Amino acid sequence: MGQYEKHVFVCTSGEDCPTRGDVEAIVKYLRGEGVKAGMKESLRVNKAGCFSQCGHGPMLVVYPENVWYAGVKESDLPEIFESHIKNGKPVQRLVYDPGVKGANKTPDAH
Ligand code: FES
């Protein structure tokens, strides 16, 4: 067992994801909700570099489930937080599952 029950990484410093949405706002929202939900000790939200999924952003990953979300909109965040981060149930309709392992950049990615 690691130091946190839930560890979220948001791609904020890749070349592409920050061009596709307000990635800093995603971090801020999830951190804020974590504090409000009393998860200060159990949730860590880290800013991260590129996941080599450029073109599919904004991207975030939730561990320990290793569930990835792509094209995350701010309007998706309440559901991702409530259902998955707080209650452990991934939001299947938003899960990123491209069917290929490893790097998966789109041709138009930066
Ligand atoms: S810039 Fe976010 S996955 Fe590459």
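This is a predicted model: local features need pLDDT of at least 70, side-chain atom pairs count only at pLDDT 80 or more; totals for chains, interfaces and linings use all residues.
Visitor: Which residues are buried in helix α2?

Guide: Buried means under 20% relative accessible area, exposed over 50%, and partly exposed in between (1.4 Å probe, protein chains only). Helices (H or I, at least four residues) and strands (E, at least two) are DSSP runs, numbered from the N terminus. In α2, residues 77-86, the buried ones are Leu77, Ile80, Phe81, His84 and Ile85. These residues lie on the same side of α2, because they cover an arc of only 115° around the axis, taken from the directions from the helix axis to the C-beta atoms.

Visitor: How many salt bridges does a search of the whole structure find?

Guide: Side chains of opposite charge can pair when their charged atoms come close. A salt bridge is a side-chain nitrogen of Lys or Arg within 4 Å of a carboxyl oxygen of Asp or Glu. The search finds seven. One of them joins Lys6 and Glu65 at 2.7 Å, N to O. Lys6 lies in strand β1 and Glu65 in the loop between β3 and β4, so the pair ties together parts 59 residues apart in sequence.

Visitor: Is Lys6 buried or exposed?

Guide: Lys6 counts as buried, at 9% relative accessibility, whereas Glu65 is partly exposed, at 28%.

Terms used:
Residues are numbered from 1 along each chain as its sequence is written. Side-chain values use heavy atoms; hydrogens and water are left out.
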